[in-house]
Amino acid sequence: MPLLEVKDLQTRFFTRDGVVRAVDGVTFEVGAGETLGLVGESGCGKSVTALSLMRLIPQPPGKITNGQIMFDGADVLKMDDDEVRGIRGNNIAMIFQDPMTSLNPVLTISRQISEALELHLKMDRSEARNRTVELLELVGIPSAKKRLDDYPHQFSGGMRQRVMIAMALSCNPKLILADEPTTALDVTIQAQILDLLKNLAREFRTAFILITHDLGVVAGMTQRIHVMYAGRIVEKADTGELFANPKMPYTWGLLRSIPRLDEHRKERLVPIEGLPPDLISPPPGCKFEPRCQYRRDICREKEPELTGIPNAKPDHEARCWGTQSVSGGGWLVDLDWRHEIGDTAVLEEIKQEVAQVPAEAARATSADLPPDVTQKEGI
Amino acid sequence: MAVAYEKIRSTATAGSGKNILEVAGLTMHFPLTQGIIFQRQVGAVRAVDGIDFFVEKGETLGLVGESGCGKSTTGRAILQLYKPTAGSVKFEDTELTTLGGEQMRRMRRKMQMIFQDPYASLNPRMTVGNIIGEPLEVHNLAKGRAKTERVQELLQVVGLNPYFTNRYPHEFSGGQRQRIGVARALAVEPEFIVADEPISALDVSIQAQIINLLEELQSKFQLTYLFIAHDLSVVRHISDRVAVMYLGKIVELADRQELYEKPLHPYTQALLSAVPIPDPAIESKRKRIILTGDVPSPVNPPTGCRFHTRCWKAQQICSEVDPEFIEHSPRHWAACHFPG
């Protein structure tokens with residue numbers, strides 16, 4: 001039995017302008033210790049999905065109107081408030097996007113971390129304090145003991161995100177939802193945090209749902225990826241399969257609209273034309289149809305289901321008429337995405353090049369760095 | 001500083017000889033004060049601390065670095081939106097730092113800016129027509145009917161419907177607003193545009209639209225760009241040359257291909273290795289340089305080389321002597337004691 005099973009989740013926001021179908025029939029599961037990537041643009045419903053899992057949707061205007069969220073055998077949507085509180089922070093924890101605003105500025109960090117320890121694990125003050133030091137050391141905060149009584153503003157962005165991670169880890173949750181955990185950070189700090197998350201996932205066998213818009217971030221971190229668009233999952237596959245053999249034109253669009261460091265420089269980028277749809281009155285057929293260059297009449301008339309794809313791995317699914325073996329569909333099945341994106345030969349050549357990163361770089365992995373670098377900073 | 005600049009200048013003029021912008025020893029310190037009635041200065045944020053570079057006519061110079069490294073301040077100090085603490089900024093042989101208000105306003109016809117946040121940089125109470133028409137009025141370029149026509153033409157150039165002139169910014173999406181910002185910058189037919197993170201507030205699928213637009217406009221109107229960004233893959237795509245900043249200094253400057261293939265400065269190498277690549281096969285094989293710690297404070301930057309506190313190559317000399325910004329191979333400058 002998977003750790004988390006979400007079935008046909010629908011979350012709507014009832015606004016003056018109409019009903020926003022932010023999450024519209026999302027079904028997925030996460031196994032114990034697995035890292036799942038949820039990828040999509042802003043407004044596609046990925047964050048609302050995460051908040052729904054924790055029952056943190058502001059109500060009103062929001063409401064979970066349908067679905068089932070089975071966590072460890074119990075339906076989160078059927079729990080009363082006390083039961084949900086017992087799960088939140090304890091079994092499911094969340095790392096938010098913006099470490100600048102998601103910590104309480106008037107409480108010391110030891111207060112903020114030990115709050116959960118005292119509440120869920122019934123520790124007393126001094127136990128909780130000792131555990132907090134351990135947690136801060138675990139996430140790599142130098143001289144953790146001295147920093148216990150500091151306030152969030154005394155930490156830098158990367159360090160605050162580490163505090164957030166320590167807080168999420170505090171009760172040994174089975175599942176951590178990380179909502180754009182590195183988007184507010186600089187590249188070099190992003191690399192530190194991703195490295196930390198990867199090690200933690202391996203060490204504690206915690207399951208992660210990693211929510212991001214950055215395909216680069218999920219490529220190195222996840223086992224499976226679900227691509228979301230306009231409140232729906234439009235493609236799901238193993239991470240390797242998704243990047244090697246993406247099938248849905250929206251995924252192609254995401255992959256080719258960004259310039260990549262590992263590719264030869266292209267003369268022009270290929271953007272996805274147009275804008276994401278308005279979720280109050282989405283298009284009747286496929287939600288991506290108005291922006292899709294491979295669309296046919298059927299796409300506008302009827303919305304496709306999320307189904308398996310001929311000639312692809314069995315657990316690879318897409319919500320696209322072009323990949324389905326029905327009458328009038330299936331025109332994308334035999335299309336090689338590499339031809340659609342660029343030259344195959346060039347891609348191969350790049351892979352070789354990147355395999356041999358600068359020799360200097362290879363030598364200087366974090367392990368080789370002098371241990372006193374962090375101390376020298378005297379942060 | 002001056003020596004380094006002379007070197008840069010001589011090589012530059014030996015090359016194409018068509019520098020639209022020359023920056024020497026540019027310094028921008030923001031004072032930190034204490035006290036309520038008598039404010040005394042207790043220190044300074046050394047946002048930009050003596051940088052030298054030039055921009056050739058028609059090229060795109062990418063300026064990259066992490067937040068707080070001074071790249072946006074550099075852009076603003078060039079346009080004299082901040083009054084630089086020291087140094088010189090020459091635009092087509094006119095020294096900008098000594099110009100008076102009226103003279104500078106006239107110069108601004110030639111140099112414009114595109115801002116990062118399309119939600120904050122457009123006045124919500126002005127119609128699109130007024131936003132784009134304002135620079136035309138300020139510079140006495142068009143009035144009345146001619147102005148309306150010019151605004152419509154500009155909207156068309158940036159890929160918007162010309163009949164949108166009476167709409168307000170809130171009626172547009174982020175990408176469309178950024179197009180309006182581009183149209184406003186183009187209104188006075190500038191030669192040089194500072195684009196300060198023009199795409200970082202936009203969604204992935206929209207970013208490519210704006211990058212393509214900027215490139216089209218560049219070839220159509222022979223524009224020169226200073227493109228400020230933190231995303232190294234975007235900078236590689238759009239730039240001819242790239243400058244890397246760290247804590248108020250340029251640490252490396254080279255032609256695009258040279259910089260990405262043979263980075264000399266350890267900071268550049270670390271930045272390049274930190275960019276995640278959307279391919280799991282490559283990601284699993286790649287070795288990352290993970291820098292420890294954070295960027296130090298620009299109020300009290302480290303002695304010697306500013307990167308030495310995070311550098312894995314650092315030796316005694318790095319904490320004592322600030323390395324000079326030297327040309328290691330033609331058109332490739334770096335400031336490091338142990339480059340390569």
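How many residues of domain 1 of chain A are in contact with domain 2 of chain A? The points below take this up.

1. **Ground rules.** This is a predicted model: local features need pLDDT of at least 70, side-chain atom pairs count only at pLDDT 80 or more, and totals for chains, interfaces and linings use all residues. Residues are numbered from 1 along each chain as its sequence is written, while chains are lettered from A and ligands numbered from 1 in the order in which they are written.

2. **Two domains.** Chain A is assigned domain 1 (4-222) and domain 2 (229-355). These bounds come from an automatic or database domain assignment. The C-alpha centres of the two domains lie 29 Å apart.

3. **Where the domains touch.** Here is the reply to the opening question: 20 residues of domain 1 of chain A are in contact with 13 residues of domain 2 of chain A. Contact means that the C-beta atoms of two residues, placed from the backbone, lie within 7 Å. On the domain 1 side, β2(A) gives the largest share, ten residues. That side divides into ten nonpolar, six polar and four charged residues. Ala, Val, Leu, Ile, Met, Phe, Trp, Tyr, Cys and Pro count as nonpolar; Asp, Glu, Lys and Arg count as charged; the others, Gly among them, are polar.

4. **The core.** The largest nonpolar core has 190 residues. Such a core is a set of buried Ala, Val, Leu, Ile, Met, Phe, Trp, Tyr and Cys residues joined through C-beta atoms within 7 Å. Buried means that 20 or more other C-beta atoms lie within 10 Å of the residue's own, placed from the backbone. Helix α6 (residues 157-169) of chain A gives the most to this core, eight residues. Helices (H or I, at least four residues) and strands (E, at least two) are DSSP runs, numbered from the N terminus.

5. **A residue to look at.** A:Ile209 is among the residues with the most contacts inside the core, along with B:Phe227 and B:Val244. Leaving aside neighbours within four places in sequence, A:Ile209 is in contact with residues including A:Val30, A:Leu36 and A:Leu177.

6. **Between the chains.** 46 residues of chain B are in contact with 57 residues of chain A. On the chain B side, α7(B) gives the largest share, seven residues. That side holds 20 nonpolar, 15 polar and eleven charged residues.

7. **Confidence.** Chain A averages a pLDDT of 83, and 89% of the residues score at least 70. pLDDT is the predictor's confidence in each residue, from 0 to 100. Over residues 356-379 of chain A, pLDDT is below 50. Where pLDDT is low, the predicted coordinates should not be read in detail.

Key:
Buried ≥ 20, exposed ≤ 12 C-beta atoms within 10 Å, placed from the backbone.
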